Amino acid sequence: MAVSFEHIYKAFDEVNGKPQYVLQDINLTIETGQFICILGKSGCGKSTLLNLLAGYLKPDKGRILVDDNRVEGPAADRGVVFQQHALFPWYTVRENVEFGLRLKNRKDAAQIATKYISLIGLEGYEKLYPSELSGGMAQRVGIARALVNDPAVLLMDEPLGALDALTRDTMRKELIRIWQLSQKTIFFITHSVPEAVYLADRVVLLKQGEVALDQPINLPRPRETKSPEFLSYVELFEQGLTDNQTESVITE
Ligand SMILES: Nc1ncnc2c1ncn2[C@@H]1O[C@H](COP(=O)(O)OP(=O)(O)OP(=O)(O)O)[C@@H](O)[C@H]1O
């Protein structure tokens, strides 16, 4: 398996000496090549879970394994793609994609970058600068930058959240295409129920720091978002999100 979370607890604060856990006893195993979406309302602990897997945070209890290695900090086996794609504005598309490889003095940097530029569908745009790209294109460059290091798992924190609705729709399809070609394990965070049902092999619903639902999505791809089967998954998660909670639900 690619990733396992074992009895993970994380708190940022204490009240009267008691840790206030934002994540409590999280246990998840993720198979190699699986596309897993973590779904939940704002503040339920999604980003904290991703930051623990990325190695940016340390759990208070428990451990995380990636391909049997314990996560002790950030490393190249986990490629992170953020909502704001953090490209270097003074580098071209190609230079941005090559950056991580050049740092490692890889002689085949150009060759590998060419492969991933083609994979993300940006052949012909190599010489453009980030300011000349649309949001969707910039996000694809962010994905290529993470993929060039050949990570065991790709971590994505609301990567489509900053895009307009139409671009977001296109990027969901693109992401499935890239995932199928790259065969990576993807750990994807979203607020959007339809997005999770469209993308994932499996959706984990987090509620107040605990796993409330862990549900495989048994629908063939490409998924028909208006089919009764698709809509019944949407309803299942929307119900799960609204049960006994006061925060606003963001479904799209
Ligand atoms: N560095 C931090 N210091 C203190 N509290 C934090 C920190 N990071 C997160 N928290 C708290 O932990 C809880 C979970 O936050 P987290 O960002 O993981 O939620 P989320 O589900 O990703 O929310 P969103 O969808 O709004 O990004 C929140 O109550 C948040 O205020």
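A crossing of two helices is left-handed if the near helix is turned anticlockwise from the far one by less than a right angle, and right-handed if clockwise. Keep that at hand for the exercises below.

The model is predicted, so local features need pLDDT of at least 70 and side-chain atom pairs count only at pLDDT 80 or more, while totals for chains, interfaces and linings use all residues. Residues are numbered from 1 along each chain as its sequence is written. Helices (H or I, at least four residues) and strands (E, at least two) are DSSP runs, numbered from the N terminus.

**Exercise 1. Describe how helix H4 and helix H5 pack, and find the hand of their crossing.**

Step 1: Locate the two helices, H4 at residues 135-147 and H5 at residues 165-182. Axes are lines fitted to C-alpha atoms, for helices over the stretch in contact, and angles run from 0 to 180 degrees between N-to-C directions.

Step 2: Read off the geometry: the angle is about 20° and the axes are 10 Å apart.

Step 3: Angles under 35 degrees count as roughly parallel, over 145 as roughly antiparallel, 65 to 115 as roughly perpendicular and the rest as oblique. H4 and H5 are therefore roughly parallel to each other.

Step 4: Assign the hand, which is right-handed for H4 and H5.

Step 5: List the contact, where two residues count if their C-beta atoms, placed from the backbone, lie within 7 Å. H4 brings Gly135, Gly136, Gln139, Arg140, Ile143 and Leu147, and H5 brings Thr167, Thr170, Met171, Glu174, Ile178 and Ser182.

Step 6: Sort these residues by class. Ala, Val, Leu, Ile, Met, Phe, Trp, Tyr, Cys and Pro count as nonpolar, Asp, Glu, Lys and Arg as charged, and the others, Gly among them, as polar. The contact of H4 with H5 has 4 nonpolar, 6 polar and 2 charged residues.

**Exercise 2. Repeat the analysis for helix H2 with helix H3, then for H2 with H4.**

Step 1: H2 (residues 93-103) packs on H3 (residues 109-119) at an angle of about 130°, and their axes lie 9 Å apart. H2 and H3 are therefore oblique to each other.

Step 2: The crossing of H2 and H3 is right-handed. Val93, Arg94, Val97, Glu98, Leu101 and Arg102 of H2 meet Ala109, Ala110, Ile112, Ala113, Tyr116 and Ile117 of H3. This contact holds 9 nonpolar, no polar and 3 charged residues.

Step 3: Turn to H2 with H4, where the angle is about 25° and the axes are 7 Å apart. That makes H2 roughly parallel to H4.

Step 4: H2 passes H4 in a right-handed crossing. Here Val93, Asn96, Val97, Phe99 and Gly100 of H2 touch Val141, Ala144 and Arg145 of H4. By class there are 5 nonpolar, 2 polar and 1 charged residues.

**Exercise 3. Identify the shell around the ligand and its make-up.**

Step 1: A residue is near a molecule if its C-beta atom, placed from the backbone, lies within 6 Å of it. The shell is Phe12, Val22, Gly40, Ser42, Gly43, Cys44, Gly45, Lys46, Ser47, Thr48 and His191.

Step 2: The largest share, 3 residues, comes from helix H1 (residues 46-54).

Step 3: By class, the shell has 3 nonpolar, 7 polar and 1 charged residues.

**Exercise 4. Find the backbone exceptions at Pro222 and Asp67.**

Step 1: Most residues other than glycine have a negative phi, and most peptide bonds are trans.

Step 2: The peptide bond from Arg221 to Pro222 is cis, with omega near 0°. Pro222 sits in the loop between E10 and H7.

Step 3: Asp67 is not a glycine, yet has a positive phi of about 50°. Asp67 belongs to the loop between E4 and strand E5 (69-70).
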